[in-house]
Amino acid sequence: MKKLGLALGGGFIRGAAHVGVLKVLDAAGIKPAAVAGTSAGSIVAALYAAGHTVPEMERAVLSLKPGDVLDGGPLFGLVNLYRLLVSLLRRLGGREQTGAPLGLLPGARLLAFLQSLLGDRRFDDLSIPLVVTATDIVCGRRVVFAPTPLVRDEFVRLARTPVAEAVRASCAVPGLFEPVRRDGMVLVDGGVREGVPAEAVRLAGVDVVVAVDLGERPEACRPVSDIVDLLSEAWDLALSEGTQKELETYADVVIKPPLEGIRPWDFHRVPQCIKAGEQAACVALHRIQEVLA
């Protein structure tokens with residue numbers, strides 16, 4: 001059978017749908033030879049590559065609470081928001097400003113959560129090859145974390161970073177989490193450059209790429225009731241065109257879970273996300289088996 005590479009896209013809490021996809025593949029006896037992940041997808045990809053079983057991952061996401069990954073509760077975010085506003089006012093007034101935070105949350109709790117699941121593993125320690133993408137916001141470059149033998153010269157690559165730290169960088173949603181600074185780069189969410197890492201998983205030398213896209217369809221009309229909705233919709237729209245082009249170029253099969261109406265912060269809808277992943281994977285299963293034959 002051909003080697004399968006699984007590319008898991010971002011989507012914050014919608015990333016739970018990836019677990020549903022893996023449930024269906026696992027039940028069908030389909031084992032990815034390599035996995036790649038961006039943002040929320042990097043968490044699931046890393047857990048899978050580290051040897052966590054699908055039931056273990058399902059239990060983890062079903063028990064996930066906002067406090068497990070968000071620092072200090074709402075008050076912490078308000079303090080940083082105040083600091084950001086002061087910095088903006090100083091800049092508008094033409095005054096020099098330094099020391100302003102680069103995100104509402106430092107991401108320490110997210111990193112601790114990832115370390116509790118992944119320990120101090122590095123990429124060469126994993127059961128199967130893992131590729132994690134981030135973005136160097138300073139130069140606009142895509143950054144790829146991968147095992148040493150899999151890198152290619154056209155990517156900025158970091159092979160020896162602990163997996164938990166690489167995933168933390170991939171999940172650094174601009175404005176929400178502080179970026180990760182490494183080797184002179186300022187690393188943010190991999191989705192800024194690549195919503196679904198279909199090209200990146202080719203680094204592992206796979207024959208077939210199955211991509212899971214959690215973005216909502218840009219043609220759908222959705223109500224916007226507050227600034228959080230507005231930012232979420234803007235993010236989805238910004239990613240949609242580039243993601244579609246990449247999937248057409250590099251993915252053999254695209255799985256698109258029905259996640260309409262599920263916002264990225266709807267923690268209480270994790271079971272629905274998992275079920276949506278299962279539903280979409282079941283629809284795509286015959287096609288996946290065909291391209292692997």
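1. Let's start with Asp266, whose side chain reaches the backbone nitrogen of Arg263 at 2.9 Å. This is a polar contact (a pair of N or O atoms within 3.5 Å; within protein, one must be able to donate a hydrogen and the other to accept it, and residues adjacent in sequence count only if both atoms are side-chain atoms). Asp266 sits in the loop between strand S11 (253-255) and helix H9, and is buried at 4% relative accessible area. Buried means under 20%, exposed over 50%, and partly exposed in between (1.4 Å probe, protein chains only). Leaving aside residues up to four places away in sequence, Asp266 touches Ile13 and Gly261, where contact means heavy atoms within 4.5 Å.

2. A word on the model: it is predicted, so local features need pLDDT of at least 70 and side-chain atom pairs count only at pLDDT 80 or more, while totals for chains, interfaces and linings use all residues. Residues are numbered from 1 along each chain as its sequence is written, and side-chain values use heavy atoms, with hydrogens and water left out.

3. Now look at the aromatic rings, which form 2 pairs in the structure. Rings of Phe, Tyr and Trp (its six-membered ring) pair if their centres lie within 6.5 Å; planes under 30 degrees apart count as stacked, over 60 as edge-to-face and the rest as tilted. Phe12 and Phe267 are edge-to-face, with 6.1 Å centre to centre and 90° between the planes. These two are 255 residues apart in the chain. Phe12 is partly exposed at 29%, whereas Phe267 is buried at 13%.

4. The rings of Phe123 and Phe145 are stacked, because their planes stand at 10°, with the centres 6.4 Å apart. Phe123 is in the loop between helix H6 (108-118) and strand S4 (130-136), and Phe145 is in strand S5 (residues 141-145). Helices (H or I, at least four residues) and strands (E, at least two) are DSSP runs, numbered from the N terminus. Phe123 is buried at 2%, and Phe145 is buried at 1%.

5. Ser39, however, has a phi near 55°, and Asp183 has a positive phi of about 50°. Ser39 lies in the loop between strand S2 (34-38) and helix H2 (40-49) and is buried at 8%. Asp183, in the loop between strands S8 (180-182) and S9 (185-189), is exposed at 63%.
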